[in-house]
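I am keeping these notes while I look through the model, going from the whole chains to single helices and strands. I write down only what I looked up.

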Amino acid sequence: MIQAFFANTTFMIVLTGMLVGCASALVGTFLVLRGNSMLSDSISHSIILGIVTVWLVTGAQAGPLQIAGAALTGVLTVFLTELLSGTRRVKHDAAIGLVFPALFSVGVLLLNLYARDIHIDQHTVLLGEIGFVWLDTLVLMGVEIPRAVLWMTVMTVLNLLFVTLFFKELKITTFDPALAAALGFAPTVLFYALLFLTSATAVAAFDAVGAVLFIAFVIVPPSAAYLLTDRLWVMLVLGVLIAIASSIGGYAAAVMLDVSIGGMMAMVTGLFLMLAYLFGPRYGIIARSHRRRQERETNALRTVAIHLYSHEGTPGQQAENVALALETHLGWPALRAREVLAQGITRDLIARQGDLLVLTPKGRATARAILEPWRNAAAGPDG
Amino acid sequence: MLALLADSTIRTVALGAALLGISSGVLGCFAVLRRQSLLGDTLAHAALPGVCLGFLIAGSRDLGSIMLGALATGAAAALAVLLLTRTSRLKTDAALGIALSLFFALGVVLLTFIQGRGNSAQGGLDSFLFGQAAAMLRSDLWIMGAITAAALALVAIFWKEFKLASFDPGFAASLGLPVLALEAAMTAMVALAVVVGLQMVGVVLMTAMIIAPATAARQWTRSLGAMVVLSALFGTLAGVTGAVISAASRGLSTGPLIVLAISAIVFLSLLAAPGRGLAWAALRHWRNRRNLESQQVLATLYRMAAEHGDRRHPVELGTLDTFHGTPTRRALSRLERQGLVRPVRHEPERTPHWELTPQGLAQARRLLTDTGGDRDGEEMS
């Protein structure tokens, strides 16, 4: 039964994708929030040097030694980047773009030199081979489990533990590093722990998705989640859910079109991002433009109310408080003036008396609330 | 080296690498100065789907259409970054990462799609990942050369405008310059640089060629004109070195070699460039510290002398060491070489003593009055 579960290739591929997505989204959330998303780019590239070096030195192609060892290169990259930008000769973003290409280049050249002996070629480096993860298995408690599934599970659990155990600390160091430092939370230590886990996840995910697609899993689901919520834990949960859904959807799409599975999974995370960008309840552009339109409408109605109120009962009332005045005095196009007027009548702010426009009590209250706010404060409405 | 250059393949490769170095060196300057270094990274990765699309549309590995495709998707990625940062709550870093990874994913999907169709000509597409100088054709040089020339002409024509928009966009806007259009043009120039370098360096490492030559050049000069020229020079040097080694060795990817060459240039420039070089800064720092140490010891000798009302009051070395909390022997030797102090015997004590020379006295007095004076200093005249 269990053996059959782990022998199902489709399931193993999707599961690997899910695990890569979950583990990445957990750490990625904090990178995105801290404004350090591009560090995932530099980490995922330079771990190649780590993977090749560890392999050359110890012969390890997988396992805890390989993951931890290679992950150190990721941390080293960030350390060197900080060191370089710390000299103030180079801006931080330029420092990122200087350090990782150099380390990555050394890694690729080593791959070129030892290409015959090593298990990865430079094609895998970038693209990964998630479709073949089920080929590389090991036996654990009598069950044959794909290596990638095992180590991605370990990384997911580790990341989950890190995020839940240090939730409070991560939250405060992410949103207010100065306060965190003042309170003694050691933001730097936590930051490097986060980066170490990111690097380790990148190493574990490397065979499956390669260096570049990993970035998509780290940045895109949390970014999509960020467009949907303001709460940190909701963002984490949404990021993970999006990653899981992308894995399933990406696999289906890839099989249908007969293209790269990892690439398609990454594309689907992009689809979710686009959906969040368009339809997000609060930060989506549709919701935002709708809100803006509403605000503009409200403002127009308030303008009309004030206009009518200030000419109410004056000699100029006959000339000012008519529909035409909205066009000539407020400078609105005829169509817009008509629309605003219709809105005002529907909302019971304005009424027509022949040609004359008069304020309803509600409309008058609106104008007063703006022009004479002290009335309401001092004596209550109509007082 | 010269023998290598006689080979026509190598000559093609070297020429191509020179074009790459010039275009990315010149165009990268503006990206780095405008703090858009990582935009180059995104545009470079985003070139991959363009390469595939160009291949799909042309049906062959025709460099012209591949470059056109890369330019188009690069522009689309830049637009996506702009759209995300302007109209959503995502910050620039996230937007860059999103565009980079998603466009690359699209490229991967297209690459496998092309492979799936079993087109025999697709073998060459992989070389756009890491660059393969040896795959370059003579006809490719014309295309690369044309794009480089166009980009350089653009820079020359709008030199003043680009300069102003890079350093002070607010001022440029107040002068009535179309800053938005200029910024778009500078972004497009990064895309052009990427496109020229594609075949040499590959999409993954192109980012280094945008950033590194400009960073190295910035170390040596404060003038934009000199920086652009130096940057082109460094880019060319690294490009030709890397490409020739790669073409001669067969089997080593060109991109990494070029990147390592330019990284070495950056490293040396950071370290050794006069003025901004880190080595010089460290040396200055060390000298300042040494001078300060000597001056402090001199001042102490002076104050002791003032306290005792004796210009030639001998002070025991141990006293000085204790007073400064650090050995002062080396500082004293330096002062002795400058003729400011001299060792003396102070019988019946056997320990070494030091006293001020007349020059030392004058120097110490100058020092103490220069640095805001010293109450004790007034007493000895």
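**Entry 1: chain A, domains and overall form**

I began with the separation of the domains, and I find 56 Å between the centres of domain 1 of chain A and domain 2 of chain A, taken over C-alpha atoms. The model is a predicted one, so I read each value below as a property of a prediction. The domain assignment places domain 1 of chain A at residues 2-283 and domain 2 at residues 287-379.

I then looked up the overall extent, and along the principal axes the C-alpha atoms of chain A fill a box of roughly 95 × 50 × 35 Å. The radius of gyration of chain A is 30 Å, whereas a compact globule of 383 residues would have one near 21 Å. For secondary structure I noted 18 helices and 4 strands in chain A. Buried residues make up 47% of the 383 residues, and of the contacts in chain A with a separation of 6 or more, 67% are between residues 24 or more positions apart.

Chain B has 18 helices and 3 strands. Its radius of gyration is 31 Å, well over the 21 Å that the globule rule gives for 381 residues, so chain B is more spread out than a compact globule. The box filled by the C-alpha atoms of chain B is roughly 100 × 55 × 35 Å along the principal axes. I also noted that 50% of the 381 residues of chain B count as buried, and that residues 24 or more positions apart account for 70% of the contacts in chain B with a separation of 6 or more.

**Entry 2: where the chains touch**

How many residues does each chain bring to the contact? I find 49 residues from chain A and 50 residues from chain B. On the side of chain A that touches chain B, at least two residues each come from helices H3 (37-58), H5 (92-113), H6 (122-127), H10 (187-226) and H12 (261-279) of chain A. The largest share of that side comes from H5(A), which supplies 13 residues. By residue class, the side of chain A that touches chain B divides into 30 nonpolar, 14 polar and 5 charged residues.

**Entry 3: helix H4 of chain A**

I looked next at helix H4 of chain A, residues 64-86, whose 23 residues reach 32 Å from the first C-alpha to the last, close to the 33 Å expected at 1.5 Å a residue. Its buried residues include A:Gln66, A:Ile67, A:Gly69, A:Ala70, A:Val75 and A:Leu84. Which helices do the buried residues of H4(A) pack against? They pack against H3, H5, H7 and H10 of chain A. Just after H4(A), I noted that A:Arg88 takes a positive phi of about 60°.

**Entry 4: A:Phe166**

A:Phe166 is found in the loop between helix H7 (147-165) and helix H8 (167-175) of chain A. Why does A:Phe166 count as partly exposed? A residue needs 20 or more C-beta neighbours within 10 Å to be buried and 12 or fewer to be exposed, and A:Phe166 counts as partly exposed because it has 15 inside that distance. From C-alpha to C-alpha, A:Phe166 and A:Leu190 are 8.8 Å apart in space, although 24 residues apart in sequence.

**Entry 5: the sheet in chain B**

Last, I followed the open sheet of 3 strands in chain B, which has the order S1-S3-S2 with antiparallel pairing. Strands S1 (315-316) and S2 (341-344) of chain B stand at the edges, and each has a single partner strand, so one side of each is left without a neighbour in the sheet. S2(B) pairs with strand S3 (residues 353-356) of chain B in the antiparallel sense over 4 bridges, and here B:Val344 stands opposite B:His353 in S3(B). The antiparallel pairing of S1(B) and S3(B) runs over 2 bridges, with B:Val315 opposite B:Trp354 in S3(B).

Note on methods:
Residues numbered from 1 in each chain as written. Chains lettered and ligands numbered in written order. Predicted model: local features only at pLDDT ≥ 70, side-chain atom pairs only at ≥ 80, totals over all residues. Pairing = 2+ DSSP bridges. Domains from an automatic or database assignment. Contact = placed C-beta atoms within 7 Å. Nonpolar A, V, L, I, M, F, W, Y, C, P; charged D, E, K, R; others polar. Rg over C-alpha atoms; globule rule 2.2 N^0.38 Å. Expected span 1.5 Å × (residues − 1).
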